[in-house]
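Me: Hi! Could you walk me through this structure in plain words?
Reply: Happy to, let's look together.

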Amino acid sequence: MAQQSQRPISNRHISLLNRNGLILLLLLALFVILGVFLPLTKSSLFMFPNTTSSSLSPSSSLSVSDWRDYSLAQAVKFVAKNETVIVCAVSYPFLPFLNNWLISISRQKHQEKVLVIAEDYATLYKVNEKWPGHAVLIPPALDPQSAHKFGSQGFFNLTSRRPQHLLNILELGYNVMYNDVDMVWLQDPFDYLQGSYDAYFMDDMIAIKPLNHSHDLPPLSRSGVTYVCSCMIFLRSTDGGKLLMKTWVEEIQAQPWNNTQAKKPHDQPAFNRALHKTANQVKVYLLPQSAFPSGGLYFRNETWVNETRGKHVIVHNNYIIGYDKKMKRFQDFSLWLVDDHALESPLGKLEIYQEQNTTTEGKNLTKIVRKQRKNRGKKHKLP
């Protein structure tokens, strides 16, 4: 009887061992499968990013050749939110201005939809090192030192590529906002994109307009021109938006660089001509001057600034030429955010001046920055 009573216990032990062994075997097989296929899945998610989740951002450990092969279509798909991207075009010397602009955008919670169109490989690698996937280079690369000098052929080559970049993005099916990086956001500009127009832009005039001014395309002046700014544009991916960019490209191609002209060509007159040529085919909206003033108005007319206090949305640091002069003016008006608020930028603190010291311009730039950091001078109060 004793032997018979022990058999069920023995059989039960064997049954439990077999079951546990089977479970362990299945778990081991599962770990092997995950170990083999999960890395491949993550890799494919980066190369063809089809999600907006920040947890699936590109890896900063990618090699140089990977970023060289990173296409505009991949980059736009990665950064776009609500089928919209914000783009800028930047050469290496202007990285501090890029960082300043990004800080202001981050304060309005729009930084994740920013795509930096790098005009040289140094910019491409630096931005993607700090912020993987948010920079792309569309060949050919430009000379980083000549591309930022206003009035130079390098500057013309940089700005003349702009409408083609924007057209490419529109044809991929995305809306796009373009900004120059010598701008600072004080409020959210997307709140001002009223209606369903093809294109939105700001005036470049310094003459004061009434607060309730027309939002139509300004009429031609006596000299046959208008002064719409090509440095801040929002375009919808519509037939009208694409037609405007195609016409802008054609107008730039019709005015090739001519070093003998007293007044060097640049992209803005071509943009204004394109606006008037397509006026009956493209729905356009002139943004309010009080919210989107030119630098010639904002920085030179203190009375107007005080009268429109609280209405300013994007400030453009134009009507001044020179890298150091632009930086100094931002500092004087408490709009140079990089020194004290760099950590608010997706790029963080950028150490780039040492890398420029091999050139004369790099050495001069370093001296300017150090001098201005040491002695900021009297600052104006923000309106």
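Me: Is His215 buried, partly exposed or exposed, and why?
Reply: His215 counts as partly exposed because its relative accessibility is 26%. Buried means under 20% relative accessible area, exposed over 50%, and partly exposed in between, using a 1.4 Å probe and protein chains only.

Me: And how should I read the numbers here?
Reply: This is a predicted model, where local features need pLDDT of at least 70 and side-chain atom pairs count only at pLDDT 80 or more, while totals for chains, interfaces and linings use all residues. Residues are numbered from 1 along each chain as its sequence is written, and side-chain values use heavy atoms, with hydrogens and water left out.

Me: Thanks! Where does His215 lie?
Reply: In the loop between β6 and β7. Helices (H or I, at least four residues) and strands (E, at least two) are DSSP runs, numbered from the N terminus.

Me: Which residues does His215 touch?
Reply: Val284, Tyr285, Leu286, Leu287 and Pro288, leaving aside residues up to four places away in sequence. Contact means heavy atoms within 4.5 Å. With Leu286, the backbone oxygen lies 2.6 Å from a polar atom of the His215 side chain.

Me: OK, new topic. In what order do the strands of the sheet run?
Reply: The open sheet has 7 strands in the order β3-β2-β1-β4-β7-β6-β8, with mixed pairing. Its edge strands are β3 (135-137) and β8 (284-286), each pairing on one side only. Two strands pair if DSSP finds at least two bridges between them.

Me: How do β6 and β7 pair?
Reply: In the antiparallel sense, over 5 bridges. Phe201 has Ile233 in β7 as its bridge partner. On another side of the story, strand β4 (residues 175-179) and β7 also pair in the antiparallel sense, over 4 bridges, and there Asn179 stands opposite Met232.

Me: How many residues of β7 are buried?
Reply: 8 of its 8 residues, so to speak a mostly covered strand.

Me: What does the side chain of Asp204 make a polar contact with?
Reply: The side chain of Asn318, at 2.8 Å. A polar contact is a pair of N or O atoms within 3.5 Å; within protein, one must be able to donate a hydrogen and the other to accept it, and residues adjacent in sequence count only if both atoms are side-chain atoms.

Me: How many salt bridges are there in the whole structure?
Reply: A search finds 10. One of them joins Asp203 and Lys209, with the closest N and O atoms 2.4 Å apart. Asp203 counts as buried because its relative accessibility is 6%, whereas Lys209, at 25%, counts as partly exposed.

Me: What about Glu251 and Lys277?
Reply: Their side chains meet in a salt bridge, 2.5 Å from N to O. The pair links distant parts of the chain, with Glu251 in helix α8 (residues 239-253) and Lys277 in helix α9, 26 residues apart. Glu251 is buried, with a relative accessible area of 9%, but Lys277 is exposed, at 55%.

Notes. A salt bridge is a side-chain nitrogen of Lys or Arg within 4 Å of a carboxyl oxygen of Asp or Glu.
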